[in-house]
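Let's take a walk through this structure together. Keep the 3D view open and follow along as we go.

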Amino acid sequence: MHPFASYVLRKYYRETGWNEDNLYANLTRSSNALLDFSVPRGLHFSISKSPNSLFKTTYSMNALPSLNGSVGYIFTSCNLDVKGSGDVRFKDMVDRFKVFDQPRKPEGKEEEWLAGERVDTRDYLLYGRIYIPTGRLDALYSTRITPTLQGMVAAISDPRTPIMSERPRTHGPASNVMFSLQQDTGKWCTEYTWSAEDGMWGVRSLYNFGKVGHSPESSQTDGGKEGHASAGRRSSLKRVDEEEAMEGGLKGRVSLGGEFYFSVKEKSAGVSTGIRFTTVPDATPPSFQVPSSSAAGPSNPRGPPSQPPTTITALFNPMLGHISGAYAARVSRDLSLASRFDFNVYSYESEWSVGAEWWQRRGKIRPLPHPTDGSEPSPSVTDLADEVQGVVKAKVSTTTDISLLWEGRLRNVLVSLGVVSNLSSRSKPIKSVGLELSYFSSG
């Protein structure tokens, strides 16, 4: 379950038109949602409130295994329509399998002029959280410098951290400041980072082959003018180089990226590369085009797409000798499966993981409108746009660990219940059990 702060950050990206899925760091997000989902440990509560569209507060408490808590505040320059936990779109609150949106060049905000002077300001987000009783402070500042350039500053201040020269290598998170500069042109997405703790410089880049999508505004205007005229020609004409044998395979696009980082303090460097294949057309529509459950009606098709939504990724780290390949696909309307194989060419260690997610739905009874010709009304039918009530996730790997997680909504509270077990251990087959309750409101 996404914390409230993460939900607001994703909402901010969506409102400002920033595509976080185009980052190299999120190359394996689809398979990670099924294979690396986090299971709550102990008992966790969180309550959040949005007094207005600009300011948010969040409070959390861990009751087990130890008692601690935190208080956080979020402020944004743009209005965010943050719904309550009872009516928020459930899929926006959990990590899930999805087909990535077609990469597109970010659009800047509209210019505002007053008396011949431009008065609009840059969008930004401010976030801060303090942990009790440790006194640790987390902070984040994100701003759009240009339509295609975004800057971020993240900081951690821990009063328990000893002096840098005296801190052992086994110590936990230390006080640190990290700067990040992200540039997204749709075709290319590059991220530059610098960490003050160890003087680490890094660069990540991702290149998308194929065409780049249009912005929502331009696609609506251009599509209305040319869509009807060219739809018939596109359906009837056939390319000269098109072959019948290609119609049976998966059609998609490929993204290729890599990263390089160097630590001045540790005198060490690292490099990795990755590739991703995603099916097209997008089986998961962009978040700004997802219809609500009330807006969707019986016209929404229940049948499967023309090809199964699939994401295939491969990563390689030559310095560590780590190779990873993952395959994730939606095999039915409510079931997605994923598999990943990790191998180290130096130690010959390997791991095979399999994960799945199954969505639970509740159909809505929607009565048909009364006929005007005087005949008897038809009985009520179940609306095809039934509501998602929860999701069950499971993961098993050759490390003998089995993870089970259920995330759902009970009335107005979001609930996450999970267990991690090791069946090979007779003394302690259950490693951890956790329950997380989250409630937030707006207005």
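Start with a pair of neighbouring strands: E20 and E21 (residues 430–442) run antiparallel and are joined by eight bridges. Strands, marked E and at least two residues long, and helices, H or I and at least four residues long, are DSSP runs numbered from the N terminus. Two strands pair if DSSP finds at least two bridges between them. In this pairing, Ser416 stands opposite Glu436 in E21.

A word on what you're looking at: this is a predicted model, where local features need pLDDT of at least 70 and side-chain atom pairs count only at pLDDT 80 or more, while totals for chains, interfaces and linings use all residues. Residues are numbered from 1 along each chain as its sequence is written, and side-chain values use heavy atoms, leaving out hydrogens and water.

Back to E20, which covers residues 413–422. Seven of its ten residues are buried, where buried means under 20% relative accessible area, exposed means over 50%, and partly exposed is in between (1.4 Å probe, protein chains only). Strand E20 also pairs with E19 (residues 401–410), again in the antiparallel sense, over ten bridges. The hairpin of E19 and E20 has two residues between the strands. Look for Arg411 in that loop: its phi is positive, about 60°, although it is not a glycine. Arg411 counts as exposed because its relative accessibility is 80%.

How many cavities of 30 Å³ or more does the structure hold? There is one, and about 80 Å³ of space lies in the largest cavity. On a 1 Å grid over the protein atoms alone, a cavity is a set of points where a 1.4 Å probe fits but cannot get out, and lining residues have an atom within 4 Å of a point. Grid points are joined across faces, edges and corners, and the volume is the space filled by probe spheres set on the points. Strands E12 (252–263) and E13 (268–279) each supply at least two residues of the lining, which includes Arg253, Ser255, Arg276 and Thr278.

Gly72 is in strand E3 (residues 68–76), and it counts as buried because its relative accessible area is 0%. Leaving aside residues up to four places away in sequence, Gly72 touches Lys56, Thr57, Thr58, Gly128 and Arg129; contact means heavy atoms within 4.5 Å. Thr143, in strand E7 (residues 137–146), is buried too, with a relative accessible area of 6%. A polar atom of the Thr143 side chain lies 3.1 Å from the backbone oxygen of Asp123.

Two prolines are worth a stop. The peptide bond from Leu64 to Pro65 is cis, with omega near 0°, and Pro65 is in the loop between E2 (55–64) and E3. Another cis bond joins Ile132 and Pro133, with omega about 10°; Pro133 is in the loop between E6 (124–132) and E7.

Finally, zoom out: the protein has three helices and 21 strands, and buried residues make up 38% of its 443 residues.

Terms used:
Polar contact = N/O pair within 3.5 Å; in protein donor to acceptor, adjacent residues only side chain to side chain. 1 Å grid on protein atoms, 1.4 Å probe; cavity = no way out; pocket = protein on both sides within 12 Å on 5 of 7 lines; lining within 4 Å.
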